[in-house]
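Biologist: Before we discuss this chain, could we go through the labels attached to it, setting each one against the rule behind it?

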Amino acid sequence: MEQIASLQILLSALVLSSVYVLVALGLNLVYGTMRLLNVAHGDLMMLGGYVAYWSFILLGIGTLGSMFGAAALCALLGFILYQALLRRFLSNSKFAELLESNSMIIFFGLSIIAQNLMSLAFSADPRSYSYMNAIVELGPVRVEATRLVVLGVGVAAATACVLFFRYSRLGLAARALIQQKDAAALVGIDANQINLIVFCLGFGLAGLAGALVSMTEAITPFGGFQYTIAAFVIIILGGLGNIWGGIIGGVFLAFIEIYGSALTSTAYRSIIVYGVFVAVLCLRP
């Protein structure tokens, strides 16, 4: 009971929630608008993490500065991929259906390519750096400043996304496209423009999340898979294309993972995540 009531564990769950929400938002937005399952999402996170790492090591730029570069680089990759490959397929209804049904295989191939390119460029050795690691005391809780930064940035980014999709014209158009693609086209919404914006935004959120993760743990070219699985669990929990559901699902999974590990052992952390994944598929196929 002391572990369950621990403020230290609660803070850890909130920090992980902020990362999971960002990861799930990026993946969910891409699926909601284009029905594409991007299983390379975690690899984009690792790329963002490497941008933050090398910016700090080579240029002395802290994560608070380099996270914008990480998000911008991943968004640029999304722009190039969409314009070079996806745009021509999505503009044709016949090819769009084929792309949707085979998107997991396509992005799985891109995931393997991305992992091996990062491994060749940066080696497979774990990379980490020390940034804003001062201990902050919040009453009885002692926490590294990095974790507070991750929590603050994650909450701010998620809030900005919610406000964007709730009040901006482009956000409302994207929500219309998610809810009913054909009806959105009938009222004059440019699906190609919205798809491009959302695709770049989803990639950018992955880069931002990766930069934040690099502050608290080591990154490797093959470390993104666990976050991809977590994101799939979250969007299945919250509903594919459901933004608010994804946020709630991210918080729920993070709390299950942290409190489950605290009550059992950290060795069971992956088992808990995969267990929730299997349970959700069985209960809500």
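This is a predicted model: local features need pLDDT of at least 70, side-chain atom pairs count only at pLDDT 80 or more; totals for chains, interfaces and linings use all residues.

Biologist: What makes the chain as compact as a globular protein of its length?

Modeller: The chain comes to 11 helices and two strands, in the order α-α-α-α-β-β-α-α-α-α-α-α-α along the sequence. Its radius of gyration is 19 Å, close to the 19 Å that the globule rule gives for 285 residues, and therefore the chain is as compact as a globular protein of that length. The C-alpha trace spans about 55 × 45 × 35 Å along its principal axes, and 49% of the 285 residues count as buried.

Biologist: How do you know that strands β1 and β2 pair, and in which sense?

Modeller: Pairing requires at least two bridges, and β1 (residues 135-138) and β2 (residues 141-144) have four, in the antiparallel sense; the two strands therefore count as paired. Within this arrangement valine 136 stands opposite valine 143 in β2. The strands form a hairpin with two residues between them, and in the turn glycine 139 has a positive phi of about 65°.

Biologist: Why is the pair of tyrosine 82 and phenylalanine 199 called tilted?

Modeller: A search of the whole structure finds 11 aromatic pairs. In the pair of tyrosine 82 and phenylalanine 199, the centres are 6.0 Å apart and the planes stand at 45°.

Biologist: Why do tyrosine 82 and phenylalanine 199 count as buried?

Modeller: The label needs a relative accessible area under 20%; tyrosine 82 has 1% and therefore counts as buried, and phenylalanine 199, with 0%, counts as buried too. Phenylalanine 199 also pairs with phenylalanine 203, the ring centres being 4.5 Å apart and the planes at 35°, so that pair is tilted. Those two residues are four apart in helix α8, and therefore separated by about one helical turn. Phenylalanine 203 is buried as well.

Biologist: Which residues do ring pairs link into a cluster?

Modeller: The cluster consists of Tyr50, Tyr53, Trp54, Phe56, Phe122, Tyr129 and Tyr131.

Biologist: What makes helix α1 mostly covered, and how does its span compare with the expected one?

Modeller: Of the 28 residues in α1, 23 are buried. From its first C-alpha to its last, α1 reaches 40 Å, close to the 40 Å expected at 1.5 Å a residue. Just after α1, arginine 35 takes a positive phi of about 60°.

Biologist: Which residues have the most contacts inside the largest nonpolar core?

Modeller: That core has 92 residues, and those with the most contacts inside it are Tyr20, Leu25, Met45 and Phe199. Helix α1 (residues 7-34) supplies the largest share of the core, 17 residues. Leaving aside residues up to four places away in sequence, leucine 25 touches Ala158, Cys161, Leu205, Ile243 and Ile247.

Methods. Residues are numbered from 1 along each chain as its sequence is written. Side-chain values use heavy atoms; hydrogens and water are left out. Rings of Phe, Tyr and Trp (its six-membered ring) pair if their centres lie within 6.5 Å; planes under 30 degrees apart count as stacked, over 60 as edge-to-face and the rest as tilted. Buried means under 20% relative accessible area, exposed over 50%, partly exposed in between (1.4 Å probe, protein chains only). A nonpolar core is a set of buried Ala, Val, Leu, Ile, Met, Phe, Trp, Tyr and Cys residues joined through side-chain atoms within 4.5 Å. Contact means heavy atoms within 4.5 Å. The expected span of a helix is 1.5 Å times one less than its number of residues. The radius of gyration is taken over C-alpha atoms; the globule rule is 2.2 Å times the number of residues to the power 0.38.
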